[in-house]
Amino acid sequence: MGIQRIESVTYGVDDLDQCVCFFTDFGLDLVERDRVRATFETLVGQTLHLHTVPDRFLPEPVEPSPTIREVVWGVDTPSELEALVRKAGADRPVTVTEDGVHHVVDETGFGLGLALARPRELPERAPRSANTSGSVRRWNAPLESVGRVRPLRMCHVALNIPKAGQEVAVAFYTERLGFRPTDIVKPMGTFLQCEGDDDQHNFLLCHRPDRAGHNHVSFEVPGFDDVVEGGNHMIAQGWQEARRLGRHTVGSNVFRFLHAPCGGRVELAADMDRVDASYGTRVHETTPPHHIWTLRGSRDTAS
């Protein structure tokens, strides 16, 4: 079936202590730390790496540090991995490291890795039931805080690519690696789904007039309350919100964004559309609204 999920993301950072503090507050598990690097895990076993001294196999960053340096995609079988590595490296060098990751560079200059996926089962947690007139699903069970918010997984990565040459940049992922365009927004970018996942998108390549860079990494949490409470916790710890609570138009997920000291932003996300092949590819000649709604107050003068 090919690529199943994001396996790891690596950042080049300047202030390791600050970044470790951020992702600890965010709810990831710190599994390794030394003077120049740290590694965190999601609940499904994906890894997030923070490096102040980059590994030699990483390409030069596409923008000044701190920023994203590489995204590694997890593949389901050794035979599929071999085939994808062969396609990805047909016209560029491939470096294989001791951890079994095959490293190449994409058309924009971002590091791209391929490795066998090593998924971990999620801990069981019953979904919160909702009540509305005519559809009562929760009896005699008052709700409490969700408590410590723990991201389940990295569900998508968004990268900025220069508008010039964007067709070639997208084709690298669709023609060589099996990604499927789910929504093509001609003025803005292409939303892509990997073969082994049913999220409306796992990858987004955003057009920018003249520059490449990191946009955001999105982390799925169990539900709406986790998005709200997780964002509130980060703000209480002193981190800065980048975009207020809302619900996207493309993908439909509830979102909340935070500025991250590793570069770009991180997103808390829940309730994204799940789509199969019958969804096809939607082509938008103009850019849809960014959101269906965002949180507003009576003192707001703009959305």
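Which residues line the largest cavity? In this predicted model, the lining consists of Ile68, Arg69, Glu70, Val71, Trp73, Phe110, Gly111, Leu112, Leu159, Tyr173 and Phe203. Strand E5 (67-75) and strand E8 (111-116) each give two or more residues to that lining. E5 gives the most, with five residues.

**Cavities**
- Five cavities of 30 Å³ or more lie in the structure.
- The largest cavity has a volume of about 50 Å³.
- Eight residues of its lining are nonpolar, one is polar and two are charged.
- Arg69 and Glu70 are among the lining residues, and both count as charged.
- Gly111 is also in the lining, and Gly counts as polar.

**Fold content**
- The protein chain contains four helices and 18 strands.
- Contacts were taken between residues at least 6 apart in sequence; of these, 68% join residues at least 24 apart.

**Overall dimensions**
- The C-alpha trace spans about 60 × 50 × 40 Å along the principal axes of the protein chain.

**Burial and surface**
- Of the 303 residues in the protein chain, 51% are buried; the cut-off for buried is under 20% relative accessible area.
- The protein chain exposes about 14700 Å².

Methods: Residues are numbered from 1 along each chain as its sequence is written. This is a predicted model: local features need pLDDT of at least 70, side-chain atom pairs count only at pLDDT 80 or more; totals for chains, interfaces and linings use all residues. Side-chain values use heavy atoms; hydrogens and water are left out. On a 1 Å grid over the protein atoms alone, a cavity is a set of points where a 1.4 Å probe fits but cannot get out, and a pocket is an open set with protein on both sides within 12 Å along at least five of seven lines; lining residues have an atom within 4 Å of a point. Grid points are joined across faces, edges and corners, and a volume is the space filled by probe spheres set on the points. Buried means under 20% relative accessible area, exposed over 50%, partly exposed in between (1.4 Å probe, protein chains only). Contact means heavy atoms within 4.5 Å. Accessible areas come from the Shrake-Rupley method with a 1.4 Å probe; for residues, only the protein chains shown count as cover.
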